[in-house]
Amino acid sequence: MAHPIFKIPILVFLFLFTSIPSISSHPFDPLSSLEIQIVTSTVKSKFTNIAQRLTFHYVGIEDPNKPDVLSWVANPRSPPLPRQAFVVVRANKQTHEFIVSLANGKGSIVSEHVYQGTGFPTLTLQEQEEAIEVSLKHQPFISSIEKRGLNISDVVGSAFSIGWYGEAQSETKRIVKVLFFYKESTVNVWLRPIEGIETTVDLDDMVLTELKDIHVSVMPKSEGTEYQASTMRPPFLAETKPILVNQPHGPSFVVRGHTVSWANWDFHLSFDMRVGVVISTASIYDIDQQKKRQVLYRGQISELFVPYQDPTEEWYYRTFMDAGEFGMGSSAVALEPHHDCPSNAMFFDAYHAGQDGTPVKLENAYCMFEKYAGDIAWRHTEAVIPGELIREVRREVSLVIRTITVIGNYDYILDWELKKCGTIKLSVSLTGIMEGKTTTYKHESEVKEEIYGLLVAPNTIGINHDHFITYYLDLDIDGQENSFQKLKLKSFRTDGSTPRKSYWSVVSEEVKKELDARLRPTEPVELHIVNPNKKTAVGNKVGYRLIPGPMAIPLLSEDDYPQIRGSLCDYDIWVTPYNKSEKWAGGMYVDRGHGDKTLTQITEQNRDINNKDIVLWHTIGFHHHPSQDEFPIMPTLTGGFELRPTNFFDRNPILKMRSP
Ligand SMILES: [Cu+2]
């Protein structure tokens with residue numbers, strides 16, 4: 001038996017990590033397992049007579065109206081707002097939308113609607129698995145595999161969304177292609193594609209509609225494709241000594257239900273099956289004004305567009321919209337303590353609805369931890385005062401919320417980082433396996449034609465592609481009425497009264513309309529969201545500045561179908577007036593969608609955005625020309641952006657921070 005003295009810190013630790021129930025539930029609290037059950041059984045009761053499949057594609061909270069949410073947040077002891085869910089199902093080859101009330105713990109349908117536009121809802125995980133299964137059991141497919149001398153039991157499949165290439169709406173079927181890979185003697189199946197053979201599966205009928213056996217491709221060697229530690233043989237990389245993350249007094253954050261308080265921040269943390277982590281009603285405490293000040297009403301990923309750049313028959317359609325087609329939340333993976341998140345992290349489970357409406361629990365769907373990585377929050381050494389050495393340094397401790405989404409071969413590590421100085425940093429880290437294409441080439445010197453990528457190993461081409469990620473950021477800087485300002489840095493000539501001939505200064509432009517806000521900066525510009533109705537003591541408008549992320553320029557032709565669907569990357573910055581229903585940069589129904597409800601069409605309304613409740617949309621991008629260093633698994637590549645207070649505070653808000 002352990003000595004009692006060792007038990008005390010463990011009890012304290014457990015107590016601090018236990019969520020304390022809130023007095024009243026936050027309007028953005030995700031649906032509980034029980035609520036999902038009530039909602040889906042309410043919807044199922046509407047479809048008692050159908051002979052066909054009924055599949056659930058989205059079940060999530062229906063956002064209450066913003067004024068109601070804000071008044072609840074101002075007084076969280078007031079009664080909870082009525083809970084409602086938004087549901088998307090497929091039945092009778094139609095997409096049905098429902099709003100279901102959860103009043104008094106009972107489900108009742110508030111509204112129902114059959115969607116008539118283009119595109120289909122997010123694919124369910126189960127229907128992707130079923131599409132693979134029907135393919136693997138299809139006798140002509142088995143014969144095609146055997147003809148290649150391959151063993152059917154070593155074949156695995158993956159369902160690929162196929163975009164849209166100009167078909168009329170009536171001809172756009174809800175289908176996927178299933179592609180196949182060979183797992184014999186390696187788990188790295190993405191580098192062992194069985195090319196030249198594919199199936200097409202109709203998801204509504206769940207039947208295989210086409211088998212294509214076009215050619216027999218070479219199979220790259222499995223040797224050198226493994227990445228599991230258990231398969232590695234010496235020599236090994238030089239080891240580094242252990243680094244411990246230790247918070248002897250526990251974490252500094254407090255979690256009540258889904259509401260988090262940490263340092264000077266208060267916010268709500270939620271998880272959605274389409275977009276993953278959602279941060280909302282975030283405010284920061286201003287010690288000079290002695291009050292909480294609003295910063296962000298809601299922030300989330302809107303869409304992730306990944307067009308591959310190989311236009312040949314077996315690759316041209318690979319132009320994925322990962323959030324709308326596969327679900328960033330429903331494709332999130334369980335985080336591994338001590339590895340995916342450091343040892344001081346707290347983990348959160350999430351629930352989403354399975355295809356049949358049953359709640360599915362994802363353990364460790366996201367984590368939260370305080371991060372100290374040796375960085376400096378501010379410092380100065382004063383050396384000009386004779387006889388005195390003044391040195392002041394403050395350590396940078398921040399709060400990170402992390403989730404990891406795995407879409408097929410790719411792993412996306414998605415972080416929100418809140419800093420005490422008011423900065424919000426969002427980052428996307430890419431890792432996982434590159435999608436390999438087979439080739440007969442074994443050496444670069446043999447390549448005499450366009451291969452749409454780089455030979456990364458004998459018989460393997462890494463195909464060029466992009467990752468464009470659009471974030472939806474409903475900033476409410478010290479209130480809802482905000483404006484978007486471009487502060488252009490312009491060169492000026494002097495009047496010659498000093499030896500200097502030139503300087504730069506700032507020319508401010510308040511953007512009045514949506515179309516004028518669209519921007520891909522080519523010249524130096526500062527991008528501010530300000531509250532024109534609130535000023536600092538010296539008279540500057542309070543605001544936040546976007547420090548943009550890596551900006552990639554779309555290189556597809558404007559009239560190319562993937563570019564029409566993926567027009568979210570036409571600009572890096574977009575600003576719209578707040579509208580509860582406008583959240584989807586690539587459209588609400590992106591699978592096979594025709595690109596007709598995207599951010600392009602939303603902003604073409606050219607509404608007034610001056611001194612209004614506005615939303616900032618920021619698209620960051622990575623052009624990815626693969627390299628050998630990314631074979632057989634890719635070292636993490638990170639990009640991100642910051643929202644930084646700019647005249648939001650009257651002075652450095654962390655001046656009085658005592659270093660932890
Ligand atoms: Cu990539």
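## Domains around the largest cavity

In this predicted model, domain 1 (4-115) and domain 3 (254-347 + 358-646) each give at least three residues to the lining of the largest cavity. This cavity has a volume of about 150 Å³.

## Lining of the largest cavity

The lining is made up of 17 residues. Nearest the centre of the cavity lie Pro30, Gly60, Ile61, Phe271 and Asp272. Of the elements, β1 contributes the most, with 4 residues.

By class, 12 residues of this lining are nonpolar, 3 are polar and 2 are charged.

## The second largest cavity

The second largest cavity holds about 100 Å³ of space. Its lining has 14 residues, and those closest to the centre are Leu179, Pro193, Ile194, Glu195 and Arg318. At least two lining residues come from each of β6 (175-182) and β7 (197-202). The largest share belongs to β6, which gives 3 residues.

The lining of the second largest cavity divides into 8 nonpolar, 2 polar and 4 charged residues.

## Count of cavities

With a cut-off of 30 Å³ or more, the model has 6 cavities.

Notes:
Residues numbered from 1 in each chain as written. Predicted model: local features only at pLDDT ≥ 70, side-chain atom pairs only at ≥ 80, totals over all residues. Heavy atoms only, no water. 1 Å grid on protein atoms, 1.4 Å probe; cavity = no way out; pocket = protein on both sides within 12 Å on 5 of 7 lines; lining within 4 Å. Points joined across faces, edges and corners; volume = space filled by probe spheres on them. Nonpolar A, V, L, I, M, F, W, Y, C, P; charged D, E, K, R; others polar. Domains from an automatic or database assignment.
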